[in-house]
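User: I am new to this structure and would be grateful for a close look at a single part of it. Please set that part in the context of the whole.

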There are 2 protein chains.
Amino acid sequence: MSSQPQLSHSECSDCPIRHRAVCARCEPQELGELEVIKYYRSFEAGQTIIWSGDQMNFVGSVVSGIASLTQTMEDGRTQMVGLLLPSDFVGRPGRENAPYDVVATTDLVMCCFRKKPFEDLMARTPHIAHRLLEMTLDELDAAREWMLVLGRKTAREKIASLLSIIARRDASLTKRGLSGPIVFDLPLTREAMADYLGLTLETVSRQISALKKDGVIHLEGKRHVTVPDMGRLMEEAGDDADGGFLV
Amino acid sequence: MSSQPQLSHSECSDCPIRHRAVCARCEPQELGELEVIKYYRSFEAGQTIIWSGDQMNFVGSVVSGIASLTQTMEDGRTQMVGLLLPSDFVGRPGRENAPYDVVATTDLVMCCFRKKPFEDLMARTPHIAHRLLEMTLDELDAAREWMLVLGRKTAREKIASLLSIIARRDASLTKRGLSGPIVFDLPLTREAMADYLGLTLETVSRQISALKKDGVIHLEGKRHVTVPDMGRLMEEAGDDADGGFLV
DNA sequence: GGTCCTACTTGATCTGGGTCAAGGTCCATC
DNA sequence: GATGGACCTTGACCCAGATCAAGTAGGACC
């Protein structure tokens, strides 16, 4: 389950609890306290981290890799309801059980805190509680933005929306801007993309081919994507050019 | 804009800031402080309370009536991303602008607080901050539950899901259980239902007719609904019988 | 080099729900 | 009690995306 730290201190700064919730305004002692109780867990691609309904005795954040939140109906229909990229927070302080499966979509490293000590710390540290509310509001915005995608967009727009999110997140992680071409590896299988977009994997494949044929994206192999013109992609996604996706 | 209190003190207890955020654990002074700064606003059906992008200088909660959160694309496609029933909270402490339109779906009364004093109070009162995180997590759960509805359910299941939410909320408001038949008035037009479900109003109408023909619901006029068997309705919605909808 | 497997692509066909169009019902207003 | 309008229903037809099915690409392992 738990494991030794596998990251250097500099890599660890990706952990939002450490550098986003406990920011410059906070006392060093509090940061120190978080340092003491944190631990790392790694997962392999495909591994389920938490099953829906399970007790969830930790909170944490993604250090590297991608995790997804997934809901499944009895007959097997599944819908991904969230995508956790590096620095995203996982956990529900004050809640006992997970309301959906959390699955490692790629190999994954998480920085975790046992829930109880974290909640105690949160109760004593208004800044952490405040930062957590901020993050939850961000997630709520992203979820609602996604409701528009699921409810009203065409398959082509859905694909473009997803690529646009991943491209933008990639650009911000690598500190590059959105003006030049953006290059990244798709971290999701066609099936996972379908589950996120409320489509079938065949439709995903067809629409990716179509976007490629129309020059909106370039594909090298099955996963390596180049977006020559981010504005064009966002147009295809049906977003206003300035776009407000958050995820 | 603002208006005199139009409710007796007993009616006012519907305001969650007052009886949910400031609960028995909190000091009476804090409750008093909220009493002092609160005010009421009423809206007519169809009136837009806040436009997407507008500055939002208050927070509050629905006292009576129904409001909806709506996103619109440039070409006019709209998706409702949230339904605010009595006692639901509106507002985003720490955020400047509204990310979507808030519209009064029926005649509506809200209990409001100017944002700044409310935020100050929140900073001084951990219980309010904590309660707000709770409510935001509830909204997040509801939004994600709805993503499954939008992404993977059939039109019939979507209608059943919506009726099921409204029926359950009605049953809990009127303190009746879910065992007997449930009777309520639909607070939404067919078009509003369509916008919530990612359907057209014609499909909504057809599916309601179908559920009526099959005896899942009874209709008197266009809005007055009787659900003879809540279990049957939830089956139609594709939920597990114990169901976890929150909205 | 072969073979197996997983991930993906592409084609053919079907269908749920969209679109367009023509009523119907219930009020409010005169 | 006629007129108008908002809201809803129903029918006919169509199409985007689902479904079913066959085939390809590339990596791991022998």
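Analyst: In chain A, among the contacts with a separation of 6 or more, 74% join residues 24 or more positions apart. The model is a predicted one. Chain A contains nine helices and eleven strands, and buried residues make up 44% of its 247 residues.

Two strands pair with β8(A). One is β1 of chain A (residues 38-43), which is antiparallel to β8(A) and is joined to it over six bridges. Within this pairing, A:Lys38 has A:Phe113 as its bridge partner. The other is β3 of chain A (residues 58-64), which also runs antiparallel to β8(A) and is linked to it by six bridges. Here A:Ser64 stands opposite A:Val109. As a general point, the side chains of a regular strand alternate between the two faces of the sheet.

The domain assignment divides chain A into domain 1 (9-148) and domain 2 (153-236). Eleven residues of domain 1 and eight residues of domain 2 take part in the contact between them. On the side of domain 1 of chain A, strands β4 (67-72) and β5 (78-84) each supply at least two residues, and β5(A) gives the most, with four. This side of domain 1 has five nonpolar and six polar residues but no charged ones.

The contact between the chains takes 36 residues from chain B and 35 residues from chain A. On the side of chain B, the elements giving two or more residues are β5 (78-84) and α5 (126-152). Of these, α5(B) gives the most, with 19 residues. By class, that side has 16 nonpolar, ten polar and ten charged residues.

The most, six residues, come from α8(A). The surface near DNA strand C has four nonpolar, six polar and eight charged residues.

DNA strand D is surrounded by 16 residues, and A:Thr154, A:Thr203, B:Thr189, B:Ser205 and B:Ser209 are the closest. Here α8 of chain A, along with α7 (190-197) and α8 of chain B, each supply at least two residues. The most come from α8(B), with six residues. The surface near DNA strand D divides into four nonpolar, six polar and six charged residues.

How values were computed. Residues numbered from 1 in each chain as written. Chains lettered and ligands numbered in written order. Predicted model: local features only at pLDDT ≥ 70, side-chain atom pairs only at ≥ 80, totals over all residues. Pairing = 2+ DSSP bridges. Nonpolar A, V, L, I, M, F, W, Y, C, P; charged D, E, K, R; others polar. Buried ≥ 20, exposed ≤ 12 C-beta atoms within 10 Å, placed from the backbone. Contact = placed C-beta atoms within 7 Å. Near = placed C-beta within 6 Å. Domains from an automatic or database assignment.
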